[in-house]
Amino acid sequence: MARKRRLASDGDEEVEVNQETQGESPQPKKKRVSSARSVAHEGSMEKDTFNCSQAPDFPVTSEAEVGFIEKVTLVNFMCHTMLEVPLGPNVNFIIGRNGSGKSAIMTALVVGLGGKATTTNRGNSLKGFIKDKCSYAQVSIKLRNRGQDAYKPDEYGESITVERRISSDGSGSYKLKSHDGKVISQKKDELNHILDQFNIQVDNPVSVLNQDTSRNFLNSSDPKDKYKFFLKATQLEQMSTDYQLIIEQQDIIKNTLDRKQETLPAMQHQVQELEEKYKDIAQLKNMKEQVEDLKKERVWAEVFETEKLLAPLAREEESQKSRLPKYEEKVATCQEEIKNFEDQWAEVNQQFNAITQEAKQLNGEQAAICNELKQKKNLYREKQSRLRKLKQEKKTSENDQKQLMEKIDEIRQTAMRDLESERRQRQDALQHKRDEFKALESQLSMTNHHRGQLEQAISRAKEKTYQLRTDVNDATHRADAIQRQLRDLQGSRNNKLKLFGSWVPDLLQRVEQAERRGNFHQKPVGPIGAHLTLKDQKWALAVESCIKKFGWAFCCHDGHDQQVLKQLFQQVCAKDNIPTIIISKFQNEVHDVSGNKPRSKYPTILDMLIIDNPVVANCLIDQVAIESVLLIEDPKEARQVMFQHPPAKARMAYAMNGDQLFGGKTARSYASMMDKARYLQKDIEVEIRQLQQDLQHKQQHRQQCQRDLEEVDKTIRDNVRELQKAKQKAFREQELVNKALGEIKELENYEEEDLPDVTTLEEETAEVEGELETAHNELNIQQLKEAQHKEKIQNLLDKAEPLKTQQHNIEVEMETKKSHRKHFETKVKEIEDTIRKAEREHENMKKLVRVKTQKASEFCERVTTRRTVKSLETEIIQKTKRIQTEEQNKGRHEDITREYFEAKKRYEGIMESLKNLKKYSRRLKMVMEQRAKAFINYRHYIAIRAKFFFTMMLSQRGYSGKMVFDHANESLSLQVNVEQGIKRVAKDTRSLSGGERSFSTVSFIMALWEAMESPFRCLDEFDVFMDMVNRRISMEMMLKVAKEQQEKQFILLTPQDMSAIGSCRKVKIFRLLDPERGQTTLHFQPADA
């Protein structure tokens, strides 16, 4: 049913508006807010706490089934690392302090639904939305998809999730997922179809109004800008553009009609001339038919001649096949004889292995017998040694006994001697021995001290020898390296590529050969250093220190080229000197790195290099980032710049001496590992002279180290000899000390000696002699056993020798038979190759016959002929010449026929096209006239509808006003009267305060909402310039509109605290966390500062 509304427009003219509603019951009219509210009442509204929790008294009606946003998820997007915003079906407040990321959510809505970065007024590129220090950003938006208007409900289900991923290089991708998370599509066109189905307009400023658009609209006072905003918001601008495009197409159609109409007379005349020629040339047709018949006969004559060649080839094939069985039989005979020999050899080998195994076992037993014999011999020797020792002890004891007996007799004869005198003599002798012992000990201590000094000297000399040998080796290696480098430099006088190694010219020559053979997709580039030239030679060491190993590297286009180049490296390069290979797609233009260059007075490495190949330049930019590496001459200045105030975008810096410096929080520096440049130096002769001097110094240093080493070796030998003498001297002195100590103990312990007991020694001697006899018997038995085993081993060797000879003879016979077999197999292979060749030729000839027969059958039916191909060709040539002669005079029949029918068809086509174009042009003109009238009416109705709702929205605050449209001049002005009273004069919005202007803008936008059909509306900080009263009235207005339009979704972003509204089923509040900025207030300088 329809509801009729009336409003006062310009000139107090009453206009009747019909608003169609579907599925709504008539709503009771509410009393309009009086425009004569008292000032006291307005003041009380400002003082009251903003509480609208009872205002949204929503009746329970159906929600929108398609298009509204259920959830927004942000990952690494702008200031949010991970944020999930669930949204309700009607009113949603997203609140938070400034900087908390409210606008980022609105930006995510636009970007996630396919909008461009420029549409958001937040950046010019999508990669600018990626959070700092992150490699990607992702926005997921879940849209409801229910009811009759659902988009492909069988595939997507009750919701559609649009997921857009943004990479760090600015590229992006889409994923359209179903309700259960399954990816249905990844195409932008599918997203556009969904947006068209749901009537979602992310680029419509009324559907999604951001801060910048709102601010510009508030600050703009130009009526034309407001009119453009009105057209764009109501999509009238798009309709106008489409109509203008159709009008341009009408002009193009008209011009096409005029141009084709002009060509008709000439085409008609051409068709008439070609028709006359076509009738005159028809007599040549019979002669051409004869030529065609001859061609058919000639084709089949060639088939018959080819079939005659099959018989000789078949005979040759059968002849070769008949020779094959004889040689195959000889191969089988040789194979059988070889098998017999192999069986004989295996049998003999088995016997030989059995003998060998038995010999191994006997050898093991022989080893055990030898070990046991050795033990017996050792035991026998021990018994002999013990017997000799006992006999010696017995003899000694007998002598001692004899001496004691003599002493006893002597004592008995001198019993009356003076014992006191003997004691004093013994004391004197003891004292003398003690003095002698001290002197010997002192001498031994000195000798040991001297020996220790010699050992320490030898140890120090050996350490020095090790160090000198290390120095000699280092000097030798360094001299060899300098010699190699010198040879490379001397060779680079004629070929600078030898600076990178003597093998580089050979390698590049092989690369050229491989490239000519087509082995590479694109020819590799390298060495990289060969393509570099310095603008200033003083930076050679710094640049090489930065580039490092990449100076010797090669660039390849892809992995295939890398594998081919690796094979060439293995042929030319040493295993420990293989260059690095960098895979990077070749481009003919150098990367644009102007945005990455540091803002500094110091040059970068890229500034100092002249690079003759864009592939090399791009490689160094990608691998080393030479565009962001500074060159600072003074190392002290470089440290001061990078450690204290590092320039923006400066990754690192190098001093002229090659020192590397990093800035920022982890500021550090590294000394250069190089003392001079290798391949960027300009004057090679100076480098050669320097290397020659270094080589001479290294050789002199090596010679000096060698002389020092010889002197130290001589000193060691002298000290070793002296140490040996000292050890011998110490041994002798130790024996004297021990002897003196024994004599002292003997004098101190002097007492009467007992007679030694010789009987015990005699018994022990007899026992040992018995054991010796037993050991001797066991030794003889073991020797006999050893001889027997040796005899067994010799017998086995005698048996093995004939078997070995027999085995050798069998091997000789077997090799002879294998040689015969190989000869016969070669013959078989040759015959088989000949047979295959004959079969292949026969088969090829058959295939040729089939091909020619097929071609002839395709050309015409089979024709029997006895004529040769040559005679047929002669006749065809003669008749063709006659036809050509006639055609030269009158023209070719085919050409004239083709030109005639083509011209006729073209003429008829143009006539038909003109007819259709004229009909289409008349129809298009009529439709455009209808559309133009409908467009004017539609614009008029939308303007009236907007006027009515604008006036109604202003009345909520007690304001009055109107929207003045001038469609002819494309202008729209807003006139608002904020004064209350009978005599009210409408004012332009420029004369209003910020809050009044914001309220008027909100009223204007809500009026436009009524003129568009979008499932959701989004406003960002709509109340930022409003006072408390305007904000409250605006909020009541919006909630009222939301109450009436429950099938629409409203998303409102504000920094204000909306907790007073109170959440309910239709109102949802989402609060963002405070920003992590470490600040609570902004510090402004005074105005007079």
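Which residue in β8 does Thr161 stand opposite? Thr161 faces Lys177 in that strand. Please keep in mind that this is a predicted model.

**Two hairpins**

Strand β7 covers residues 159-167 and strand β8 covers residues 172-177; they run antiparallel and are joined by 6 bridges. Together β7 and β8 make a hairpin with 4 residues between them. In that turn sits Gly170, whose phi is positive at about 95°.

Strand β8 also pairs with strand β9 (residues 183-185), again antiparallel, through 2 bridges. Here Lys177 is found opposite Val183 of β9. Between β8 and β9 lie 5 residues, and these two strands form a hairpin as well. Its turn holds Gly181, with a positive phi of about 90°.

**A covered strand**

Now turn to strand β5, residues 91-95, which is mostly covered, with 5 of its 5 residues buried. In a regular strand, side chains alternate between the two faces of the sheet. For β5, one side carries Val91, Phe93 and Ile95, while Asn92 and Ile94 are on the other, and all of them are buried.

What are the partners of β5? It pairs in the parallel sense with β23 and also runs parallel to β24. In β23, Leu1053 is the bridge partner of Ile94; in β24, Ile1069 is the bridge partner of Phe93.

| Partner of β5 | Residues | Sense | Bridges |
|---|---|---|---|
| β23 | residues 1049-1054 | parallel | 5 bridges |
| β24 | residues 1067-1071 | parallel | 5 bridges |

Notes
Residues are numbered from 1 along each chain as its sequence is written. This is a predicted model: local features need pLDDT of at least 70, side-chain atom pairs count only at pLDDT 80 or more; totals for chains, interfaces and linings use all residues. Side-chain values use heavy atoms; hydrogens and water are left out. Buried means under 20% relative accessible area, exposed over 50%, partly exposed in between (1.4 Å probe, protein chains only). Two strands pair if DSSP finds at least two bridges between them.
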